[in-house]
Amino acid sequence: MTRSNHPVLPAAFANDPTFATWAKGYGVICHEPLTVERIAELLDRHAKDPTQQRAWLERLIAADRLSCMGMWLVAHMTYARRVRLDGEPLAPEDFKSNPEGHTGGALNMVPAYVGYLAANAMSEQTRSWLMGQGHCVAAIDALNVMVDNMGPAHTERYALDDAGLTRLVKDFYRCAVDPDGFPISPLGSHINAHTAGGTGEGGYLGFAGLQYVHMPLPDQHLVAFLSDGAFEEQRGSDWASRWWRAEDSGPVVPVMIANGRRIDQRTTMSQSGGTKWFEDHLVLNGFTPLTIDGRDPAAFIWAILTAEAELANQAEQVLAGRGRYPLRLPYVIAETVKGFGFPGAGTNAAHNLPLGGNPSADAVARTAFNEGTRALHVPEEELRAAITALNNHAESGRTRERDHPLADPNPDLPILPELPGWRLGEAVSPMAAIDEAFVALVDANPNLRVRVGNPDEMRSNRLNHTLDRLQHRVTEPEEGVAEALDGAVITALNEEAVISAALANKHGLNLVASYEAFAVKMLGAMRQDIIFARHCREANRPPGWISLPVLVSSHTWENGKNEQSHQDPTLCEAWLGEMDDMAPTLFPVDAPSAVAALLALYVSRGRIAVMVVPKNPVPVTLNAEQATRLAEDGLLCLRHDESPQLQLFAVGSYQLLEMEQARARLTRAGVATSLFIIQAPGQLREARDEGEAAAVLSQCRLSTLVPEVSARVFLSHCRPEPLSGVLRPLDTGVHSRFLGYRNRGGTLDTFGMLFANRATWAHVLEAASEVAGLDLDALLSTAERDALAGEGDPEVLRYT
């Protein structure tokens, strides 16, 4: 790893005994010549005053000691059920019978997080942090306990003494649940709501690399810990330097922990040429690589402070007119060995259980554990002195790391614009209506940073005003095209990248729009975010960010021309499975209902909604008052009958058109029929826990809105099977039928799609005849019945 030989130290440090004490390292921490040189230069630049210089040197020594004990405690969290701060060897009964832990990665994260803490102490500024490899949480939790940087749940249970640390290691991977089904332990296998300063679980590798560049506001600083495995998992982080602008973003320092191993083999990067290959890759993609010794906390200190200084210098050049975007974003590569600091380092076993045996029953493994931890152990008096040296929050007036700026975003809710008006029966694109409303919302809230995530074809999805107002963010705007250096629309043919831009902007106002079929690629990122948000709420940390609508348009029923690959309602079906208090799934039917649903979402917090919205013009069916009630209840009786024989339920705009046609036929035949719009199916479900119960309609309210009638037909935008489960409170059994997408498609128009999936008005009448005992011959002509039976021309069922 060494990149320099025998550096020449500045004269001020060449014979300094404190500097020499640090340079020798402590325990397993050894400082490469290059790191020593870099730190000396850093001190020479930033610590001119002897008092400040002495404080920096003491913090360097403190970082070594804290790193050793952080690794010491991580090893105990995996294997031990008892902790002894005096460092005495553990006996067989002191070990867990079933050890667990992503030990190697957590060991690698210890010097990185210590470097972050020490950089904050030295610069007297608390930065935000993000860790993509959430399975390395043991490093964060262990160090947070040591430096007393804990949230309420950890503070109640853990402390820097034998009893408190013993409870910590016992709680790690403790899988017990309380009577309500919640974990007893506030520790998780990944970052969770109790991890002090945690912003996301990090369980789905790669999303942190897509999000970090969009996170901080101009006055916020962020250090993002990433992994070489995550780089392999999710591409798109290469574009980070293209998105960063000093005018609306704070400094970011990406730090890759490059340990060269996945779970059971080397990373592809390692096989392709390792760090040198990655350095070349970064340069080609507009970064400045800073390669450091990832085993040394001092190297991380140097990297964080140097990267920020380099980025600030470049930004100053651009703002002064002497530079241009994109900047060469500094990118730290921390070379290390998987599991450094403990036996088994560098092996496949280091990923989880590096000893290769269980110390509770294996004498060889037990000896290896005791010898490994002895090399890391720091006497308690020295450890406490190190902690004091780094915990300078009070004297510097800075916040604790648990309270960093990105840990608890809580922007003001936006001021809502006036709702536009439309004439009943007027053909209006609901997406175009949203477009108009969103631009008005942006203009009314200039204090909120805006991000629009756009995979492709924003104009095709009818967001023309939004694009013209906000423009694509590019580095070289093309004349005559809606592009700008400071554009707020993040466009890339990568759904994960654009949803991440919106998910990351938690201090601002966001919108995402996509073709329905391809939006399903966003699901993993969306689900990770909403799960973490819900857990935060359960931990009395309710998320304060403004809710995010994900618009899926060019959807299944209006994308027939593009073959069945473009006809896929999977995302809305999957989202219906999430908890409705945090993850509503909405099917507005016209312009007023689409705009009302959108604006209602923007005055809520911590929710991600999937909104299935037509882009083609459809008739305005609702007035403003009806649209508002539909947004509140998720259900609206559109056509009421005092004594209905049959009830029809439409979920989706094109489905409502078919249901209107079916009801007209039924009415002419003298069949009393009520017609309902279901915009939010999840609001009608049986609540699965207390949190969701607060968001769904009570049984009393539902029975008031939907009088009891046995015969019911449901026509859905999505597949009928998942919808029937959600709508079980309305399912009357043999007297209910659910119609919808049946996995049929091709190069078809909307009518062709409806007919192929047995979802036209005529198929509704067929289902109605079955559940209500009606005479189908009285409802359909001979030609229509033949078409329905597959024996005639389907075109007779088409209507305008």
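A cavity, on a 1 Å grid over the protein atoms alone, is a set of points where a 1.4 Å probe fits but cannot get out, while a pocket is an open set with protein on both sides within 12 Å along at least five of seven lines; lining residues have an atom within 4 Å of a point. Grid points are joined across faces, edges and corners, and a volume is the space filled by probe spheres set on the points.

The model is predicted: local features need pLDDT of at least 70, side-chain atom pairs count only at pLDDT 80 or more, and totals for chains, interfaces and linings use all residues. Residues are numbered from 1 along each chain as its sequence is written, and side-chain values use heavy atoms, with hydrogens and water left out.

**Exercise 1. Describe the largest cavity and its lining.**

Step 1: start with the volume. The largest cavity holds about 470 Å³ of space.

Step 2: find the lining. There are 35 lining residues, and T199, G200, K506, D529 and F532 lie nearest the centre. Strand 1 (128-131), helix 9 (207-211), helix 20 (495-504) and helix 22 each give two or more of them. Helix 22 gives the most, with six residues. Helices here are DSSP runs (H or I, at least four residues), as are strands (E, at least two), numbered from the N terminus.

Step 3: sort by class. The lining has 19 nonpolar, eleven polar and five charged residues. In this scheme Ala, Val, Leu, Ile, Met, Phe, Trp, Tyr, Cys and Pro are nonpolar, Asp, Glu, Lys and Arg are charged, and the others, Gly among them, are polar.

**Exercise 2. Which element gives the most to the lining of the largest pocket?**

Step 1: look at the pocket itself. It contains about 710 Å³ of space, and P183, S185, L187, N192 and H194 lie nearest its centre among 25 lining residues.

Step 2: go through the elements. Helix 22 (residues 523-538) gives the most, with four residues.

Step 3: check the classes. The pocket lining has 13 nonpolar, seven polar and five charged residues.

**Exercise 3. Contrast the salt bridge of E495 with K521.**

Step 1: the closest N and O atoms are 3.0 Å apart.

Step 2: E495 lies in helix 20, and K521 in the loop between helix 21 (516-519) and helix 22.

Step 3: E495 is buried at 7% relative accessible area, whereas K521 is partly exposed at 41%.

Note on methods
Salt bridge = Lys/Arg side-chain N within 4 Å of Asp/Glu carboxyl O. Buried < 20%, exposed > 50% of the residue type's maximum accessible area, 1.4 Å probe, protein only.
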